[in-house]
Amino acid sequence: MRTTGDRIRHAISFEIVGLIIVTPLGGWFFSLPIHDIGIVALVSATIATLWNYAYNLLFDHAMLRLAGDVRKSPAIRVVHAVFFEIGLLLVLLPFIAWYLGVGVLQALMMDVSFALFYMVYAFVFNWVYDLVFPLPAATPAPQETGARR
């Protein structure tokens, strides 16, 4: 599994690169001032960073328990990204509606748009991150010899 420092580096770099990409794109796509999208993106990134750390830790522990390994196949990466975004969407929807002064349906459309962007971005970012910072070599669990003392 990854170390705490590695998880922190992952979460922070994920959000910084995401902010650099999503803020100008969101302002352009939704025809909103970049400042407003920037505030929404910054608050969202802060919440997402905390969620990212906790979610990845829980997901890895679940994988380790269920599969005995934390390496993710492409299919598991898709599941990982989808569940991450669903959890984040539930938290961010009220904030987006309130801050931008829009209805819940419009905030949902904006949040879903961001979630779709981040789902693709998360898939690519995490894959590249794993290539640049590979998991440490797995240490095999001690084998039971069957002999009882």
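Trainee: What makes aspartate 130 and arginine 2 a salt bridge?

Mentor: The closest N and O atoms of aspartate 130 and arginine 2 are 2.6 Å apart, and a salt bridge is a side-chain nitrogen of Lys or Arg within 4 Å of a carboxyl oxygen of Asp or Glu, so the pair qualifies. This is a predicted model, in which local features need pLDDT of at least 70 and side-chain atom pairs count only at pLDDT 80 or more, while totals for chains, interfaces and linings use all residues. Residues are numbered from 1 along each chain as its sequence is written, and side-chain values use heavy atoms, with hydrogens and water left out.

Trainee: Why is arginine 2 called buried, and what is aspartate 130 called?

Mentor: Buried means under 20% relative accessible area, exposed over 50%, and partly exposed in between (1.4 Å probe, protein chains only). Arginine 2, at 14%, therefore counts as buried, whereas aspartate 130, at 22%, is partly exposed.

Trainee: What makes arginine 7 and aspartate 60 a salt bridge, and which helices hold them?

Mentor: Their closest N and O atoms are 3.0 Å apart, which makes the pair a salt bridge. Arginine 7 lies in helix 1 and aspartate 60 in helix 2, so the pair ties together parts that are 53 residues apart in sequence. Arginine 7 has a relative accessible area of 7% and is buried, and aspartate 60, at 4%, counts as buried. Helices here are DSSP runs (H or I, at least four residues), numbered from the N terminus.

How values were computed
Helices (H or I, at least four residues) and strands (E, at least two) are DSSP runs, numbered from the N terminus.
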